[in-house]
Amino acid sequence: MKKIAFSILSLATVGVITWSCSKSFLDRKPLGGLDATTLANKNGVEALLVGAYSVLDGFINGGGIFLGGWESSGTNWVYGSVVAGDAHKGSDAGDQPDINPIETFTATPTNNYFRIKYNLVYEGIARSNSVLKQLAAATDVSDADVKRITAEARFLRGHYHFEAKKMWNNVPYVDEKVTDFNLKNDADIWPLIEADIKNAYDNLPEIMSAKGRVNKWAAGALYAKALMFQRKYTEAKPILDAIYTTGKNAQGQKYALQAKFSANFNAETKNSTESVFAVQYSVNDGSNGGDNGGWGEVLNFPYTGGPGTCCGFFQPSQDLVNSYQVNATTGLPDPANYNSNEVKSDQTLRSADPFTPETGTLDARLDWTVGRRGIPFLDWGKHPGFNWIRDQAYSGPYAAIKNTYYKSQEKVLTDNTFWTAGVTANNYTLIRFADVILWLAECEVEGSNLEKARQLINEVRARAANPAGFVLDGAVPAANYKVGLYTTPFASQAAARTAVRFERKLEFAMEGHRFFDLVRWQVAATEINRILDYNGGVSNPSIINKRPYMGQANFTAGKHEYFPIPQAAIDRSVSGGVANIKQNPGY
Amino acid sequence: MKQKLLKSIGRAIPMLLFSMLLCTAAFAQRPISGKVVAANGQPVSGATVAVKGSNLATSTAPDGSFALSVPNDRSTLVVTYVGFDGIEVPITGLSSVNITLKERTSSLNEVVVTGYTSQAKKDITGSVAVVNTTDLKSIPQANAEAQLQGRAAGVNVTIDNRPGAGANVRIRGFASFGDNQPLYIIDGVPTGGLGGLNPNDIESMQVLKDAASASIYGARASNGVIVVTTKRGRQGGAKVAFNMYYGTQNPAQGFNLLNSQEMADLTFKSFRNANQPTPTTQYGSGANPVLPDYILPAGKFEGDPAVNPDLYNLDLNNINGSYLIHRANKVGTDWYDEITRNAPIQNYNLAVSGGGNKSRYMMSLDYFDQQAVIIESFFKRYTLRVNTEFNVKDNIRIGQNLQILVSEDNSVQNNGNNGEGTEIGFAYRNQPIIPVYDIKGNFAGSRAPTLGNSGNPVANRMRSKDNRGQNTSIFGNVYAEVDFLKHFTARTSFGGQINYGNYFFFGFKTYENSENNTGNTFTEGFNRFRSWTWTNTLAYKNTFKEKHDVQALIGTEAIEEWGRNIEGRRSNYFIEDLNFRALNSGGASGQVANGGPYTPAALFSIFGSVNYTFNDKYLASFTLRRDGSSRFGPNNRYGIFPSAAVGWRISRENFMRDVKWITDLKLRASWGQMGNQRINPANAFDQYLGGPGSSNYDLNGSSNSTIQGFQLSFVGNPDGKWETNETVNVGFDATLFGGKTEVIFDWYQKKTKDLLFRLAGFAYQGAGPVSNPAFVNVAGMNNTGIDLMITQRALIGGTKGVNLSGTLTFTTYKNEITELAEGIDFFETRGSRIGNFVRNAVGQPISSFFGYRVIGLFADAADVTKSPTQDAAAPGRFKYADIAGNPDGTPDGRITDADRTFLGSPNPDFSYGLQLNGAWKGFDLGVFFYGVQGKEAMNYVKWWTDFFPSFQGNKSKELLYNSWTPTNLGAKTPIAENLSNFSNNNAVNSYYLEDASFFRLKNLTVGYTLPSALTNKVKIDKARIYFQTTNLFTITKYTGLDPELIGADDAGGVDEGIYPTVKQFLFGVNINF
């Protein structure tokens, strides 16, 4: 009996010993990650701030997260340019089919593009809030740094909210104090966006430790932009005046237009004096196949043969190309009637068929914006037309160019380790000094200082007119370029308004701004329906280069100024049977 | 902590062993001898003769004789042999005994291993499926999970047909959105699956299905438990078994696609129907397409200066500038044919086993080599198993089981199974006019203009042939058992596994595609994983007053898992030579290094069970387990899982005595709770991470470097706990007609509550909750179903006549999601080029298909006008059903998101397996049918092949010949047009839905055993040769490659070009001596 007792005892002992240590045995902390307290110090907060900046490019890959891509590209090429009629989806009909309904104004709230963009901008907001939260807990940060870090984080938070606001209008505002994340979207968040960006404008220094950081003037420019979006021209004007006269970039160089228009779209000349605030792109930096480069635009190269290897998206429209026609005498555009004549295209022609490009007078910016047959495409040789186009019958003869890289930059300023070569280090400049000039011109127009406006518009046009900046075919201009200045006073405020708005179209085409400009000017319905009709071939049945599917599309005023709120965000907000997030009108 | 634990182990083991030694006792012994024969008088060789109540045993010689020593206090021998009923022989006063064995007519007395213990089948009150391992192993597969298909009622197995890949084994439907894999226990040691086990070494396999049988495994049991025991030696002389087979595998038919001329015709037709000018790049500018002699340069004919071979220039450093020439394949390349082949499969297994009075051993050496039916792809495996057991004393046994496995394949970076980027995907995405090779023997491809963007799958395979994935694993345990005081057995077992994996692959520059890789990369990674399990049990077994049988067990178990991995990549390799493929050789730019530890997981448990039988008639059993798991936060760290079961052998009642045809009938009922703890061990914690692609940023504007950043990457759920699954099971086991018929029937209901659901966080909280959310215990799911197994045996013409047997397994489950989370009625999965195919919704079974219902094609403009408003409606396009839209749920006259509906699901009504065996003289025949009924699939391949603008791949004959035209109004396929919109190829709808039921002859084997008179002359006990064919035919209405579609549990049944089931033809040999 003793033996039994002992053996049972010994077994029990094993159990009890194991048991007594089991509390710590079962306590396993995650490895490889950090908890919040580890980051609540100066280094941690600075690193979180870098993380908040890194969402600007619209793509996150790693660290447990895969989010974004072309759907959420910081350039807004789909939402800002395709939707405005600057360009078509491009490629072939079946690739990225989610863009088809967005382009034709039939998109529904379940369209994946909206969900991804929404998640991405709020990710940026959450990261900005992380900075502010940990900053509050940190004890080793100097007052100056607290002020600067707060300002940078609030600038970024303001920027991301601005993105949400212009996309969906009715969106929730999130700050670092929110603990219950089931938020409502029933308030106008402009005042909160303004407050965030103004804080940055008021508190940031002029010169920053790195080119890519926002400085006082960049914050001021975004602040003015937010005011412009609310048509608060009188409030925006003094800020723009200040930037125009005394603004400097983060390196302390006074803002100025680049001598050549094309320098704004070249990785070698990025962060210049014209770059007010840019999304920094880098490649070959140890990330996985160009995660920090122009991932959101990687689909938008010509299709085989030229730069990149894929995928022929984002093809400029005939309406856009026509816009660059100028009067042969004055060198001025004709905003009212530019579509009365069609710039010659090689639609229906193969690359082997003979073709002579348009010989009429054209704004020189066209060929830095649109790749077209017979014109040198950067240093890649002449665009051969059909052979670089994925499905000409479907998507037309043109290619995007501003996001592209030079052949000489291959593998140095591009990543070529992925399925598509050509993720570039060619920054997306979110705010160019040209923006500042033309916004200021808008303010002058609205304030009836038409001569001041004319002078500002001419400043931008003069740069475009610089022959040194023309696309050259050998030593001679590749086309019949002519950019004239407005030499006589505008006939009316309306004429000036038309001029400045059309100048924005020419200057910023394919840069993701056009749709949001049309909406803030409250002309989206008329302007877009006119373009839809033209590109669809309805208003001019004889045009060669048309997309019949566009002709069926229709922009509904009061609805399509804003995109539908992603259904997923609405579904997630249901509490007690009621959705806290309400859909936008009309959807 | 670790030190502390080691210390405690160090302290405990000697104590345990010491206590075991104390229990040793010695008794005087006497000799006994005898002979064992079968009913027909033939001697039985290899039968085990054991002394009851001890561990003394021997096995019979070829003439059936045996001899052994018996302790004086023992009075009974137990004689057992495979295929015969065990028998107890009293030997009191005898020194010699002749024993006659009866061939087994029922499996009632068969002892099977269940949770931590073993039981006679007749005493089991839970639902346990005993797998016939001979039938199981008759299917040539690398993985026993795949072999399990159709072998056990209540188990659904979907096979991944890639060599070396496993299968989805699902017991009684689905109980989780996370991991529905059963728990696998091999020789008492838990493991992730059977992929690391040589199937030839399996001795027995039991599937524990209900709570009564499985909940002793507590928080890991809710998906069922599969208990595997490997072979061990028996007493007697050394036995050698050699088994081999060699055969060929056939890839079967590919897709029914167009040839070159047909594709050209379709291209013209589709452009014209879209009012687009017909393209002339390849096919000329005439009214009808003309096939060119060359597709690169495009549309050229012989004699054209552009196709002068002297111009040919392939420069890998200037791929876009290269001048390549592709001759058109005017007949048409059959790309499926090009990437497939008849491939050999072979397996050799040599096992030696035996033992003496004091020790037993089993050693097995195995080589398995399966070449894939897809070219340049294989899986090889080498295993060595050594199992031994030693009787240290009469009542003390020490033993070990050990397997060393090395496997190798080249399927790394193959883009998986069932996707557009696989070789099979490229088989339908390539145009037929593209040849495999160009005029210089280099690869040809979609570089030829206007011919799509597919890769060349032959090139992909050829380039991948030297990629390697290698895995080395050590798996096993050591154990000690001591019997004491007649009724007690204490056992301790320490086991586990160590895995090392290594893989490397080279990404080549490509030149033949429209979308080329202009750079090369090399990636290599290592990973290491280990786990250990330490189990201690104390078992008690006794019979009181000859009527009360009691078996009890208590135990403790500790488990820990841990692992690390590392991966590096470099690019811009100077040359692509095989010998140059090392990380060190790569270019300086674009270096990537990744790696990290897995968060360790630990489990500590105490458990117990009691089985009580009164008079062999009334049975009851109880189990209880308390699990502590590190995977959950301190708030919910411990869970308790009880179960109870009762059984009634009604056939033992007096009133049943007269029912002669019922030999044995037992009614069973059980209830219990099981858990599922399989979630990320880091689920409870908020985590901040950083990474080059996720949070670093080039603040300095350098263009090629970043500054490190961090982000909140995961919002943890500290309140997480296991899913609890409550199961009720009612069933019966019947043995009829003296054992000729056996029926096992179960009905069950399985309700999962606190189901772990990855509830997407709010976007406003950070990306972790959106793209990688924490699990929260909010959802619920129900499964009900029946499992039925019927075995029938027949002997025609006496013992020398034809011996027939058949086994039917029948499985049903009905799954319903009962709850997701507040305000969340569904979540969608299985994304595609046109959106999600699957909606997992409350009130619907898991993985339900969701989309628009096609009610026909618009006949004409008038039809469009009179139908509900639909975006892009036009004659020849889909007409969708207007189902809802108004606030009250009635149709609103327009087709909107609200009109999408549930279209079906891949969950079958039932599945079944039928094994028929016959033996006559030396011949044996085995036939195995397997079928699944009432399952649906979304044939997403049709999106690629039935719509012209869904990328410019090859298209179906259906699209060219039987699509809608104004004169072909009865067509099912919409008009062929180069336009993409909501009403043709841009929405998930019922056009893709198909019935995927099937009936398959899985196995047909004919064997012949050479007469023993012949083989005995060369000292061979048994020699058998056989011919076998698997998957000879499948009857199905499904039009895709294979109706058996493996996929994620919550996203199954969507076909994008599945790796098909292959036909095999084999020759095999079994030799025992």
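Here is a short tour of this predicted model, stop by stop. Residues count from 1 along each chain as its sequence is written, and chains are lettered from A in the order in which they are written. Because this is a predicted model, local features need pLDDT of at least 70 and side-chain atom pairs count only at pLDDT 80 or more, while totals for chains, interfaces and linings use all residues; side-chain values use heavy atoms, with hydrogens and water left out.

**Stop one: where the chains meet**

Colour chains A and B separately. You'll find 120 residues of chain B in contact with 126 residues of chain A (contact means heavy atoms within 4.5 Å). The area buried between the two is about 10000 Å², with carbon and sulfur atoms giving 60% of that (buried area is the accessible area, 1.4 Å probe, that two parts lose on being put together, summed over both). Now pick B:Y688, B:Y697 and B:Y764: they supply 9% of the area that chain B buries against chain A, more than any other three residues.

Next, select A:D27 and B:R637, whose side chains meet in a salt bridge at 3.1 Å, N to O (a side-chain nitrogen of Lys or Arg within 4 Å of a carboxyl oxygen of Asp or Glu). The rule finds four salt bridges across this interface.

**Stop two: a helix in chain A**

Jump to helix α10, residues 233-246 of chain A (helices are DSSP runs of H or I, at least four residues, numbered from the N terminus). Its end C-alpha atoms are 20 Å apart, which agrees with the span its 14 residues should have at 1.5 Å a residue (1.5 Å times one less than the number of residues). Among its buried residues are A:Y233, A:I239 and A:Y244 (buried is under 20% relative accessible area, exposed over 50%, partly exposed in between, with a 1.4 Å probe and protein chains only). The buried residues of α10 pack against α8, α9, α14 and α15 of chain A.

A:K232 sits in the loop between α9 and α10, A:E194 in helix α8, 38 residues apart. A:K232 is partly exposed at 24%, while A:E194 is buried at 12%.

**Stop three: strands in chain B**

Finally, show B:E481 and B:R491, a salt bridge of 2.7 Å, N to O. B:E481 is in strand β24 and B:R491 in strand β25, so the pair ties together parts 10 residues apart in sequence (strands are DSSP runs of E, at least two residues). B:E481 counts as buried at 14%, B:R491 as partly exposed at 24%.
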